[in-house]
Amino acid sequence: MGQMKLETKVFSILKDKIQSIQTTEGAIYLVGPIKLPVNLYGETIEFKWYCWMNGEEVTDDYQQIIDNLSSQNLAEYQQSSVLVYGDFENSEDALIRMHSICHTGDIFGSKRCDCGYQLKESMKKVKEHGSGAIFYLANHEGRGIGLFSKAMAYLLQENGYDTVEANENLGFVNDSRNYDDAINVLQRLRSKPVTLITNNPLKLEALKSAGLHVSGRVPLWGDFSEYNEKYLQTKITKSGHLKEERTCSND
Ligand SMILES: [Zn+2]
């Protein structure tokens, strides 16, 4: 009986914070908002955090979803999430960053790309703007080739290949990232248009054609060094990034 009562209490805490979004492949289960105070350049900023996972089954039986968590080995594959700031649902204009996960740049602070810088700067821009969201897309490592393949690609880059050549020589298309899930989540959280933080007009077009309601674009350049010069140059010459601005292959 004690166990039963605990489960009921646990479920009552969680049930109103879970929602499902039906997709063509099944459903996205979105949990949040969760309070997330973040240390941003020494200042504590209160974000609201949401996390999601995909399921093949479409159900409103969240008890069942929760019951299955411990048997799913979720740590073996990553889930994506979004940091939301301000009155995201209702504000007239909101800044959005669709940030591709970068294990080396975001976590270790690698200078081979500018991802870590772009992530922190996006959070700062969103905070200063007053409303927005940073989507952290976990299946986008190395433009969608995965971390282990990215390690191989880095070895090729150390031997004269650029980012695009390295990925293609390993048998990957240059950019296989998909934004459908992130757009679905965004549309659940906000229906008004957004301004996208990116240096990549192609990314803007891809998001527009995938159904995102975009009103404009804000560039984000910085953190240039001898270590990412070639990488940034490749973005301009091969990946459509605007030259007058100059940025990571993950953008
Ligand atoms: Zn990176």
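Ile13 counts as exposed, at 56% relative accessibility; exposed here means over 50% relative accessible area, buried means under 20%, and partly exposed lies in between (1.4 Å probe, protein chains only). The model is predicted, so local features need pLDDT of at least 70 and side-chain atom pairs count only at pLDDT 80 or more, while totals for chains, interfaces and linings use all residues. Residues are numbered from 1 along each chain as its sequence is written, and side-chain values use heavy atoms, with hydrogens and water left out.

Ile13 sits in helix H1, where helices are DSSP runs of H or I with at least four residues, strands are runs of E with at least two, and both are numbered from the N terminus. Together with Val10 and Leu14, Ile13 makes a nonpolar surface patch of about 240 Å². Patches are made of residues with over 30% relative accessible area and no salt bridge; like charges are joined within 9 Å, and nonpolar side chains (Val, Leu, Ile, Met, Phe, Trp, Tyr) within 5 Å. The accessible areas come from the Shrake-Rupley method with a 1.4 Å probe, and for residues only the protein chains shown count as cover.

Helix H1, residues 2–14, also holds Glu7. Glu7 is partly exposed, with a relative accessible area of 38%. Glu7 belongs to a negative surface patch whose other members are Glu57, Asp60, Asp61 and Asp67. Asp and Glu count as negative and Lys and Arg as positive, with His and the chain ends not counted; each charge is placed at NZ of Lys, CZ of Arg, CG of Asp or CD of Glu.

Next come the aromatic side chains. Three aromatic pairs are found in a search of the whole structure. One of them is formed by Tyr29 and Tyr62, in an edge-to-face arrangement with 6.5 Å centre to centre and 80 degrees between the planes. The pair links distant parts of the chain, since Tyr29 is in strand S2 (residues 27–40) and Tyr62 is in helix H2 (residues 62–69), 33 residues apart. Rings of Phe, Tyr and Trp (its six-membered ring) pair if their centres lie within 6.5 Å; planes under 30 degrees apart count as stacked, over 60 as edge-to-face and the rest as tilted. Tyr29 counts as buried at 5% relative accessibility, and Tyr62 also counts as buried, at 12%.

Gly32 and Pro33 are joined by a cis peptide bond, with omega of about 0 degrees. Pro33 lies in strand S2.

Two non-glycine residues have a positive phi. For Asn73 the angle is about 55 degrees, and this residue is placed in the loop between H2 and strand S4 (80–85). For Arg143 phi is about 60 degrees, and the residue is found in helix H5 (residues 141–144). Arg143 counts as buried, at 2% relative accessibility.

Side chains of opposite charge can pair when their charged atoms come close. The structure holds six salt bridges, each defined as a side-chain nitrogen of Lys or Arg within 4 Å of a carboxyl oxygen of Asp or Glu. One of them joins Lys15 and Asp16, whose closest N and O atoms are 3.8 Å apart. Lys15 is partly exposed at 35% relative accessibility, whereas Asp16 is exposed, with a relative accessible area of 63%. Another salt bridge joins the side chains of Lys150 and Glu141 (2.7 Å, N to O). Here Lys150 is buried, with a relative accessible area of 6%, and Glu141 is buried with 7%. A salt bridge is also formed by Asp175 and Arg177, the closest N and O atoms being 2.7 Å apart. Asp175 is partly exposed at 37% relative accessible area, whereas Arg177 is buried at 11%.

Ile236 is buried, with a relative accessible area of 13%. Ile236 and Asn200 are 36 residues apart in sequence, and their C-alpha atoms are 8.9 Å apart in space.
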